[in-house]
Amino acid sequence: MAAQWLSLALWDHTLDFQVIWLSGPLLLALLLCSPYRYWLAYGVGWATGMLSLSLLMGLPAKGIATVTVCVLLLISAAAWVLSQLRKDQSTGNFLQLLLFLVVAVVALPVATGTAVFGLSALIELPSWLSREWWHVALADSLGYVVLTPAILSLLNPGSSLRRDTLPGWNMPLITLVALVLLWVGWRELGGIATIRPLLLLAPVPLAIFVALRAQVVGACAVNLVVGMMAIELSLSHEGPFVQPESELTTISVQLWMLAVSIASLYLAALVEQRRATQRDLAITSTEVRELAGRLIVAQEEERARIARDLHDDINQRLAVASIRLSALRRKVDDTNKQDVSQLQSDLIALSEDVRHLSHDLHPSMLTQTGLTAALAGLCQNLRRRCGPVIELRVSPHAKDLPEDVALCLYRVTQEGLGNALRHADAQRIEVALQIAHHQVDLTITDNGKGFVTEGEGRRGLGLMSIDERTKLLSGSCRLQSTLGKGTELCIRIPLEAHGPT
């Protein structure tokens, strides 16, 4: 009843002309959003409201009842066709939007206008229902393109407007100001023929702004308000739509509203698709990051297990073999003692390599003596084994870092030093770890040969591992390198989310 009353309020009383029809589009939207078992109840309620309002207005009861039943059947048939063709109630898909426009905005209004025009020759109907079929069809098309998509999007649980953050207070304020300026501009300048084309395009920036912020719902709401403004001004013979004949004025408003509404719907659908794609990418990125985190944790656990096996089993067995070789050397003759001694020396060197490998896999010093000692031990081993100059500067507050942050910093330093020695042939490396302003900064600088950093796809597994470890702690990673001028790796990890330092 409210939708029909609003439709009657937007009326060309001079020509007794229907401009827009809203009650049928309301019913179509509700049918498309509801299971079939509720359709009968909605249909009966809709027909009751239409007949009640018609009786209150003194319209011919028999004719209105016949038209109501006929239109109800046509709307139900269109809803059934759309429910079979469409996967869901979303209007954010171009194909589904095209199906909706063909069935609801073209076929259904044409069928309704033709049926009403045919009934007008058989039964008594109000004069505004006795006009040519295309008059009724235009009014119906406007309602279906303005109201139905807004309700479908608003009731769709998967719509971006319901799943994303709602627009802030500035968006309605800007829209209201723009509508007021549009109303004043149309009313005061609509009579100037030279700027009428510009005035017809004036709502386009507003339609784009609202479609970007509020998608289909906002676009339809603004189109309805702008259309009502155009109708009211045109009925008062003001604005850019006024034609020499009143009938042409109303038709021009209808055609303009129809074109703008369809264009706005496609723009809103494009925004809806973009938002849905961004949301899916964000979900996928979160899932990938969680998987990467679990893989890193599993990797650390497996490294710890292998390190324990190397230290507690393999290394101990090598030590026992060395002791037995020492005993064997005292029993053999002088000609074989040199060979046994050499074999024992090789075995001791192998045991030392296994110990270093165990320490690289899982630094026990990190948990026993802290990050500072672990980094010092790492740098010392690399100096002794590879020979570069490694300068280490560590903040005295490093001992208070959380365990996961300390492990990340150690692994990043380990990988960064390894890259500098293996790939950059660096002879001098500086490692600086600073803690200030609730964040920790680790910088590794070398004087190696450098490389070209353009393109993320050129990064190796080591740099990717550094980046993932840093992101898992909500940190950031920055890499700067120039051919022949060395490389600088900087990572920053906020400490608020990991407890106090």
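User: Which residues is tryptophan 46 in contact with, beyond its neighbours within four places in sequence?

Analyst: In this predicted model, tryptophan 46 is in contact with Trp21, Ser23, Gly24, Leu27, Thr68, Val71, Leu72 and Ile75, once neighbours within four places in sequence are left aside.

User: Which residues touch the most other members in the largest nonpolar core?

Analyst: In soluble globular proteins, nonpolar side chains tend to be buried together. Here the largest nonpolar core has 71 residues, and Leu28, Trp46, Ile75, Phe100 and Trp186 touch the most other members. Helix 11, residues 203-235, gives the most to this core, with 15 residues. Another core lies apart from it and has 35 residues, including Ala374, Leu409, Ile429 and Leu442.

User: How many cavities of 30 Å³ or more are there, and what lines the second largest cavity?

Analyst: Rolling a probe the size of a water molecule over the atoms shows where empty space is left. In this case the count is three cavities of 30 Å³ or more. The second largest cavity has a volume of about 60 Å³. Its lining consists of Pro203, Ala207, Val222, Asn223, Val226, Gly227, Trp256, Met257, Val260 and Ser261. Helix 11 and helix 12 (246-331) are the elements that give two or more residues to this lining, and helix 11 gives the most, with six. By class, the lining has seven nonpolar, three polar and no charged residues.

User: Is serine 395 buried or exposed?

Analyst: Serine 395 counts as buried because its relative accessibility is 11%, and buried means under 20%. Serine 395 sits in the loop between strand 3 (389-394) and helix 16 (403-422). Not counting residues up to four places away in sequence, serine 395 touches Leu433, Gln434 and Ile435.

Note on methods: Residues are numbered from 1 along each chain as its sequence is written. This is a predicted model: local features need pLDDT of at least 70, side-chain atom pairs count only at pLDDT 80 or more; totals for chains, interfaces and linings use all residues. Side-chain values use heavy atoms; hydrogens and water are left out. Helices (H or I, at least four residues) and strands (E, at least two) are DSSP runs, numbered from the N terminus. Buried means under 20% relative accessible area, exposed over 50%, partly exposed in between (1.4 Å probe, protein chains only). Contact means heavy atoms within 4.5 Å. A nonpolar core is a set of buried Ala, Val, Leu, Ile, Met, Phe, Trp, Tyr and Cys residues joined through side-chain atoms within 4.5 Å. On a 1 Å grid over the protein atoms alone, a cavity is a set of points where a 1.4 Å probe fits but cannot get out, and a pocket is an open set with protein on both sides within 12 Å along at least five of seven lines; lining residues have an atom within 4 Å of a point. Grid points are joined across faces, edges and corners, and a volume is the space filled by probe spheres set on the points. Ala, Val, Leu, Ile, Met, Phe, Trp, Tyr, Cys and Pro count as nonpolar, Asp, Glu, Lys and Arg as charged, and the others, Gly among them, as polar.
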